[in-house]
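The structure comes first, and the description follows.

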Amino acid sequence: MPTVDNPAGKTLAELGAASPDEVAQLFSEVRALFDNQAAKQLDPATWEALKQVWTGRKSGVLTLITDNWLKPATPELKRAVGQELNKLKAQVESTLEARKRDVESLAEHAASAKDRADLSLPGVLRPVGTHHLIRQVFQEIEDIFFSIGFSVVEGPEIETPYYNFEALNIPEFHPVRDDMDTFYLELPKGAPGPLLLRTHTSPVQIRTMEKRQPPVRVIVPGKVYRRDNPDATHSFMFHQIEGLAVDSDITFCDFTGTIDYFVKQFFGESVKTRFRPSYFPFTEPSVEFDVSCVFCGGSGTAKSGGTCGKCKGSRWIELFGAGMVDPAVYGFVNYDPKKVSGFAFGIGIDRLAMLKYGIDDIQAFFQNDVRFLRQFP
Ligand code: FA5
């Protein structure tokens with residue numbers, strides 16, 4: 001708040017001004033004081049204070065001069081004081097008015113500058129995320145199967161033993177249940193159960209056939225859970241893609257041809273496939289598909305010489321289980337096993353991705369280390 005230490009608080013007699021010249025001198029000092037204060041940088045608050053100091057009705061400088069100089073002035077000086085006071089008043093008022101406009105336009109400018117973007121500032125770099133490698137592999141596999149007429153369906157991760165086991169021809173106490181050590185849910189007392197975390201995507205075969213009549217050609221991507229101890233090739237949560245094709249005349253040749261097409265699209269034309277007998281309660285016959293080792297080109301010998309560390313010299317790498325749908329399964333979904341036939345497969349996506357991208361520890365997928373993830377943009 002500007003303060004005024006000027007002569008207006010004293011009378012002319014106290015100031016020793018006895019002639020019109022001395023009065024004029026006093027007024028010029030007061031004007032200089034005002035000019036000085038008005039020339040300072042002002043904001044709306046300091047402008048308001050300046051106005052009060054000079055034009056305030058009770059104790060503003062102009063009032064004080066009127067009271068202390070003009071009113072008690074001798075008749076000889078009254079005219080000179082009156083004229084000078086009028087000049088001073090006019091100057092104070094016009095200057096305050098002009099400064100008010102300056103102050104307002106400055107305030108407006110400051111406010112709009114705040115809202116305006118500074119185009120000279122460097123841009124904000126926001127890191128762009130990418131799909132996780134598992135998601136990318138899912139996408140790649142889905143695209144391959146889309147191209148031959150399959151569509152995608154999904155199913156629940158929390159399942160009943162009926163869909164996860166029984167309807168897949170795995171009755172209670174079947175030894176296969178031991179291979180799929182299962183997480184059961186702890187349910188509130190009296191709740192219908194039991195419920196479990198699905199151990200494979202195969203229950204969605206049943207759910208799909210319950211809803212649709214043949215022809216059926218679907219793939220089922222999703223998460224599955226097993227009570228496996230984590231190590232380089234095991235995780236208690238991992239990913240599978242189930243495949244199911246059922247129609248009136250699907251043969252074993254359609255089955256192997258489809259798998260061969262998929263594997264060649266996924267790994268490249270040069271890989272070879274083979275199948276070996278295997279066992280799953282819901283397929284008959286069941287097979288295990290192998291692919292010629294993608295690391296040593298199926299030679300069994302590493303590029304540096306010596307035995308290939310990936311296929312251990314066997315020239316083949318185990319890929320996934322599959323087979324022709326067991327007729328017993330059709331009984332659970334009201335399909336006539338005499339009229340329909342089909343095949344199914346279940347691919348472990350994490351291990352497939354490890355194989356394709358040369359990753360030697362499955363845990364790397366779940367540790368969220370961006371240095372690992374960034375390698376697969
Ligand atoms: C099954 O899960 C069958 N449902 C597959 C199937 C579907 C057969 C349709 C026939 C017809 P299996 O238990 O072998 O099969 O598991 C399939 C794949 O899951 C394995 O080849 C492997 O790649 C992967 N897998 C199994 N356990 C784990 C685990 N703990 N961690 C990571 N991947 C796993």
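Is H200 buried or exposed? H200 is buried, with a relative accessible area of 3%; buried means under 20% relative accessible area, exposed over 50%, and partly exposed in between, with a 1.4 Å probe and protein chains only.

The model is predicted, so local features need pLDDT of at least 70 and side-chain atom pairs count only at pLDDT 80 or more, while totals for chains, interfaces and linings use all residues. Residues are numbered from 1 along each chain as its sequence is written, and side-chain values use heavy atoms, with hydrogens and water left out.

**Surroundings of H200**

H200 sits in the loop between β3 (196-197) and α9 (203-211). Helices (H or I, at least four residues) and strands (E, at least two) are DSSP runs, numbered from the N terminus. A polar atom of the H200 side chain lies 3.0 Å from the backbone oxygen of N164. The side chains of H200 and S202 make a polar contact at 3.4 Å. A polar contact is a pair of N or O atoms within 3.5 Å; within protein, one must be able to donate a hydrogen and the other to accept it, and residues adjacent in sequence count only if both atoms are side-chain atoms. With neighbours within four places in sequence left aside, H200 is in contact (heavy atoms within 4.5 Å) with N164, L168, M180, V224, R226, Q240 and F282.

Helix α4 (residues 61-70) is mostly covered, with eight of its 10 residues buried. Among these are V61, I65 and W69. The cover over the buried residues includes α1 (12-15), α2 (20-38), α3 (44-55) and α5 (75-115).

The domain assignment gives domain 1 (7-112) and domain 2 (133-373); such bounds come from an automatic or database domain assignment. The C-alpha centres of domain 1 and domain 2 lie 94 Å apart.

**Backbone geometry**

Most residues other than glycine have a negative phi, and most peptide bonds are trans. The table lists departures from this pattern.

| Site | Feature | Value |
|---|---|---|
| P214 to P215 | cis peptide bond | omega near 5° |
| E284 to P285 | cis peptide bond | omega about 0° |
| R315 | positive phi | near 75° |
| N368 | positive phi | near 55° |

P215 is in the loop between α9 and β4 (216-225), whereas P285 lies in strand β7 (residues 283-292). R315 is in the loop between β7 and β8 (316-325) and counts as partly exposed at 42% relative accessibility. N368 is in the loop between α12 (349-357) and α13 (370-373) and counts as exposed at 58%.
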